[in-house]
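Dear colleague,

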Amino acid sequence: MTVDKTLFSEEESEHPSGLFVRKMGSISLPNQLSSLKEWVISKKDTLRPWQEFGNYNRASKPADIGIITRRVSHNVIYYYTNYAFISALLIIYCIISSPLLLLAITVSGTACYLISRQKEGQTLKIAGHTFTPKDQAMICACISLPLLFFASAGTVIFWIIGLTCSVVGVHATMMQIPNEDGTEFIEMKETV
C-alpha cells in the first residue's frame, strides 16, 4: 500500500490576513472554511431578531384560508434564515444524539474526502490489487450505504423534514403579517 507522504506533513504558511495557518499536506483549513464563513455572514444579515421571531403577541388564529395563504407566503420569505437556523439545529441534534449515525457520517465523509483529494491518475495498491479513484469511490459507496442504513439515516432525514415542516408551518400560519407601513400587525379582512 502506498501512501502520499505529503498528506501527513505539516508546514506553516502566512495567511493573507497576516496570521499563520497550519497546513496538513494539501489541506488548508482557513481556505476550506472561508466560503462557509462568507455564506454565514451573508445569511447573518437577513436573520431576524429572535425577539421578533418569537413575539407571540403577534400570533393569532387565522380566520380563513386566504389569510393562511398570505401569512405563509410572507412569513416563509421574511423568516427564511430563522427557519434555516432551526433546521440546522435539528440536524446537528440528530447527528450528535445518534452515535452510530455520527460514526457513519464521519467514516463516509472522510473516505469520500480522501478519495476526492487524490491527484489525477493516482491509484491505490493493496495486496497486489490496483484500485483507481473510480473503484475506490465504488467501494466507499458499497460500504457507506449499508452503514448509513443501519445507522437509521433515512429515519432521521424524514424526522427532520417532518419536524421542520411542522414548526415552519405552525409559525408561519400563526404570525400576523405587517401592514404596508410596517408598524401595526392587524389582519386585513377579505370582502366578498
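**The second largest pocket**

Of the lining of the second largest pocket, the largest share, 7 residues, comes from α4, helices here being DSSP runs of H or I with at least four residues, numbered from the N terminus. This is a predicted model, in which local features need pLDDT of at least 70 and side-chain atom pairs count only at pLDDT 80 or more, while totals for chains, interfaces and linings use all residues. Residues are numbered from 1 along each chain as its sequence is written, and side-chain values use heavy atoms, with hydrogens and water left out.

A pocket is an open set of points on a 1 Å grid over the protein atoms alone, where a 1.4 Å probe fits, with protein on both sides within 12 Å along at least five of seven lines, and lining residues have an atom within 4 Å of a point. The space in this second largest pocket is about 320 Å³, a volume being that filled by probe spheres set on the points, which are joined across faces, edges and corners. At least two lining residues come from each of α1 (29-44) and α4 (80-97), and the lining includes Trp-39, Lys-43, Tyr-80 and Phe-85.
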